[in-house]
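Open your viewer and get ready to select a few side chains. We will go from stop to stop and look at rings and their neighbours.

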Amino acid sequence: MKKHLFFDLDGTLLDTLLDIVKAINLSLKAISIDYQYDYEGGKRLIGNGAKIMAKRALAPFKISQKERELFYQTFLINYQKYQCDDTKPFRGVLDGLRALKNKGYHLYILSNKPDHLAKIIVEQKLDKDIFDFISGKQEQFDEKPSPDLFNYVIEKFHLLKEEILYLGDSLVDLDFAKNSGVDVVIFTYGYGDYATKRMQNATKFSDFSQLISYLDNSR
């Protein structure tokens, strides 16, 4: 029986993409690149943390290393400034999380978002008190799909892998669950490419409420 639910953040619990795209576009303007990503274009940038996202955003452009560094630092400033403007929980997420907590599940967040930003956004847009542990990317751990941070958490709380379910929205999350040795569910309302062959055999939910039904039926 699953007792511990580990969640990704962007694209799983929170729709953060509008604010991420805003920060990217403002940062492109700061280095005099006349291009604006839209919502769909922004989806292709997300998945492996802020540094990889910045690298993907700059991939089409020929710029200097100095400009790349300026873009990244400007992006972090802009995202911290604007990250809570249009971000909101996906439908049913907040009520669903509270229901799961009331049912006795332990809830955790592991995100590739910079740690201080992850904690700010969870506090402002979710209910931080329902989570046992919240972490974004920390310097001492490799980002997902590496299991480094996950292994730290299961040792810290003395958890059994067979009692853990990981929930995400992307191929990065599939790889993370495989590397961590835990079962996974993918939410298809997020930012992943759900038509890929690797997604075909994954357990997928199109609505957060399906998670509660799934866990109730698994007891």
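Start by selecting Lys144 and Phe176: the charged end of Lys144 sits over the ring of Phe176, 5.8 Å from its centre. Here a charge sits over a ring if NZ of Lys or CZ of Arg is within 6 Å of the ring centre and within 35 degrees of the ring normal. Next, pick Lys156, which lies over the face of Phe157 at 5.7 Å from the ring centre.

A word on what you are viewing: this is a predicted model, where local features need pLDDT of at least 70, side-chain atom pairs count only at pLDDT 80 or more, and totals for chains, interfaces and linings use all residues. Residues are numbered from 1 along each chain as its sequence is written, and side-chain values use heavy atoms, with hydrogens and water left out.

Rings of Phe, Tyr and Trp (its six-membered ring) pair if their centres lie within 6.5 Å; planes under 30 degrees apart count as stacked, over 60 as edge-to-face and the rest as tilted. By this rule there are 18 aromatic pairs.

For one of them, select Phe7 and Phe208, a stacked pair with 6.1 Å centre to centre and 25° between the planes. Are these two buried or exposed? Both Phe7 and Phe208 are buried (under 20% relative accessible area, with exposed over 50% and partly exposed in between; 1.4 Å probe, protein chains only).

Last stop: Phe90 and Tyr189. Their ring centres are 4.6 Å apart and their planes at 40°, so this pair is tilted.
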